[in-house]
Amino acid sequence: ARLKTGYETVQSPMGNGTIKGYLARPASAGTNKLPGVLIIHENRGLNPHMEDVARRFALLNFMAFAPDGLTSVGGYPGDDVKGGEMFGKVDRNKMTEDFVAAAYWLKNRPDSTGKIGATGFCFGGGIANTLAVRLGADIAAVAPYYGGPPMAADVAKIKAAVLVHHGALDTRLAMTWPDYDKQLAAA
């Protein structure tokens, strides 16, 4: 087996109590410490595509953890439409705290180097930006794909390297980039 994968439960006392997720590591790493990458899903929950993204990071010698923001309502239901309906029922502030807890869990694992990053897609891109603000120097890099930028007043809290991805035709989010870029440069 090239990868070691499985599901883990992370304690989240400031969020919904716990958050479950999918952990992937290269099997060849054994007990060696690895840098970690948090994979944050869209507004559908931890679907098979996000698990595949975690496996692809593991193939590149990262420890990847893809938490499921739908844990508090039973987890990803196996269908993206139902997942989207369930997503709207989760307390957004508690879900954010669940992702923060997942990031610190990944960072502080004994098989982690302590260096972590995050990537996210759409909703998850916004969470990647939020993690950059919330974790400060505790997160090394974020790469949001779409997702809203942080509040201008919070950008100075970001210590991570930031690589933002937007599609030109998604003008609502693409229009946020010039100001975010200026704020990052100023900070």
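This is a predicted model: local features need pLDDT of at least 70, side-chain atom pairs count only at pLDDT 80 or more; totals for chains, interfaces and linings use all residues.

Biologist: In which sense do strands β1 and β2 pair?

Modeller: Strands are DSSP runs of E, at least two residues, and helices are runs of H or I, at least four, numbered from the N terminus. Pairing takes at least two DSSP bridges between two strands. A hairpin of 4 residues joins β1 to β2, and T5 has A24 as its bridge partner in β2. Over 10 bridges, β1 (residues 3–12) and β2 (residues 17–26) pair in the antiparallel sense.

Biologist: How many of the residues of α4 are buried?

Modeller: Buried means under 20% relative accessible area, exposed over 50%, partly exposed in between (1.4 Å probe, protein chains only). Among the buried ones in α4 are F123, I127 and L135. What covers the buried residues includes β3 (34–40) and α3 (92–108). For α4, the count is 11 of 13.

Biologist: Which accessibility class does N61 fall in?

Modeller: Most residues other than glycine have a negative phi. N61, in the loop between α1 (48–59) and β4 (63–67), has a positive phi of about 70 degrees although it isn't a glycine. Its relative accessibility is 45%, so N61 counts as partly exposed.

Note on methods:
Residues are numbered from 1 along each chain as its sequence is written. Side-chain values use heavy atoms; hydrogens and water are left out. Contact means heavy atoms within 4.5 Å.
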